[in-house]
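Please keep the model open while reading.

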Amino acid sequence: MSQGSFARRRPRDHDGSSAAEIAVFDATEKLLANTSLQDLTVAQILEVGGLSRANFYHYFANKYDVLVALLGRVFDESYGLDAPWGTDPGRDRARRMGSSLDQTLEMWSKHGAVICAVIEHMHSRPAVAEAWQRMFEQFVSALAEQIRFERAEGRAPDGAPAVMLAAMLVGGAERAFYVSTRGLDDRLPAAASVTTSLTAINEAAIYGGRAPAKGRRATAKDAATEVTAPPAAEPVAVETETARNILNSMRELLMTETLAELSVAKILKYSNTSRASFYFYFRSKEDAFVVLFREAAAHVVAGLADIVEVDRADPSALMAQVDQWLNVDRHAGAVIKNAVHEWPRLPELRVEYLAAMSAMETVLESIILADRKRGLAPAGPPVREYAATLLWTIERTIAGSLAGEAHLGDRAVVTEMVTRFVFAAIYGRR
């Protein structure tokens, strides 16, 4: 293993190279191609790997322990000694960062099932989160150093803190590759679908994007009439005062607790509702949460659709509307924060989440297409892919801010950064 190995810090003196460990890794990765980590059992790993329980438990405590070690193996294999942080900031670092996108694509193409399992369980398993964060921070640190270098050389404008900008870009790539690998967005049918868009997004975020070609400038009338917003979402039907009380109570509790921590018993106590009443309206806390998310998502989708009515030829008016769209209220923010963590593992929530994202992608796609035709926005990657990749980058960044993730904890600064990024990504330099 290389000196900068991503492999876990093991309690025993094992480095992942024994025949038994390799058999466990190979069996686990093979099984994850068709089985979720949640459904995967140690017995299945033993059967496919041809191992005994003694072989397995000599090296690993459980399947999550395997996942952490397997993640380290994947990253060592994918990046090795040619990682971006292996050289000083400058031209060579820039070259390595460019080639690292190809390495990342190859990694997701070969080992996507492993990385998807990590992302889906890092919010519930601290050891998995620690392993992923260690890798994530390496990329953020390397990119932040390069951004500072580019700014000092006068090639990139000043803006948000470099480490915050880097966290947005690394997180956006993580999300876009995850969604495309899992086949969750028909605008991104494969991991290769996102690379061109990610390159353009990095250029916009760091350097301000391309300048639009000279030509006819759009008018306020153009901006309002050439883009079609999706139909308004149907209002959520909550028919009784009791059901509404349960939902309101749950929303209040989510201000201080995660959905995973929250129990039906706590909801009943806070709402002064009987268990029978709760289960008359909802099958579970997750079922109730889906209703809360649907309500919050309707407001977020409507906020993006409002950009259609803005004079997008006026940068200040446009960015003010984007800022308003991104600033969800505290209660909606608590719901969305939990939804971001939970949608990959909850099927009903996933349906609602992806539907909301698709609706917003439709709006963003039509805005970009219309404004490129007018010469207001410069040409760029294919619109469908670009709109989707851009929106998933925004989603991941705002989610990280709501969750108070490292480098994204200052919500006001994050919102300003994302607002300016959206403008640069679509309209470039004016």
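1. Some terms come first. A residue is called buried under 20% relative accessible area, exposed over 50%, and partly exposed in between, with a 1.4 Å probe and protein chains only. This is a predicted model, in which local features need pLDDT of at least 70 and side-chain atom pairs count only at pLDDT 80 or more, while totals for chains, interfaces and linings use all residues. Residues are numbered from 1 along each chain as its sequence is written, and side-chain values use heavy atoms, with hydrogens and water left out.

2. Two residues deserve a check of their backbone angles. Most residues other than glycine have a negative phi. N272 has a positive phi, near 55 degrees, and is not a glycine. N272 sits in the loop between α11 (264–271) and α12 (275–281). Its relative accessible area is 72%, so N272 is exposed. H407, also not a glycine, has a positive phi of about 75 degrees. H407 is found in the loop between α17 and α18 (411–427), and at a relative accessible area of 27% H407 is partly exposed.

3. The helix names used here follow DSSP: helices (H or I, at least four residues) and strands (E, at least two) are runs numbered from the N terminus. The expected span of a helix is 1.5 Å times one less than its number of residues. Of the 20 residues of α17, 18 are buried. G404 follows α17 and has a positive phi, near 70 degrees.

4. Helix α8 (residues 195–207) can be read in the same way. Its 13 residues reach 18 Å from first C-alpha to last, close to the 18 Å expected. The buried residues of α8 include T195, L198, I201 and A205. After α8 comes G208, with a positive phi near 100 degrees.

5. Which elements give two or more residues to the lining of the largest cavity? A cavity is a set of points on a 1 Å grid over the protein atoms alone where a 1.4 Å probe fits but cannot get out, and lining residues have an atom within 4 Å of a point. The search finds five cavities of 30 Å³ or more, and the largest has a volume of about 300 Å³, a volume being the space filled by probe spheres set on the points. It is lined by 19 residues, and those closest to its centre are V300, I336, Y353, M360 and E395. The elements asked about are α13 (285–305), α14 (315–326), α15 (330–342), α16 (347–373) and α17. Helix α17 gives the most, six residues.

6. Aromatic rings are the last topic. Rings of Phe, Tyr and Trp (its six-membered ring) pair if their centres lie within 6.5 Å; planes under 30 degrees apart count as stacked, over 60 as edge-to-face and the rest as tilted. There are 15 aromatic pairs in the structure. The centres of F25 and F60 are 5.8 Å apart and their planes lie at 65 degrees, so this pair is edge-to-face. F25 belongs to helix α1 (residues 19–32) and F60 to the loop between α3 (53–59) and α4 (63–79), 35 residues apart. F25 is buried at 1% relative accessible area, and F60 is buried at 0%.

Methods
On a 1 Å grid over the protein atoms alone, a cavity is a set of points where a 1.4 Å probe fits but cannot get out, and a pocket is an open set with protein on both sides within 12 Å along at least five of seven lines; lining residues have an atom within 4 Å of a point.
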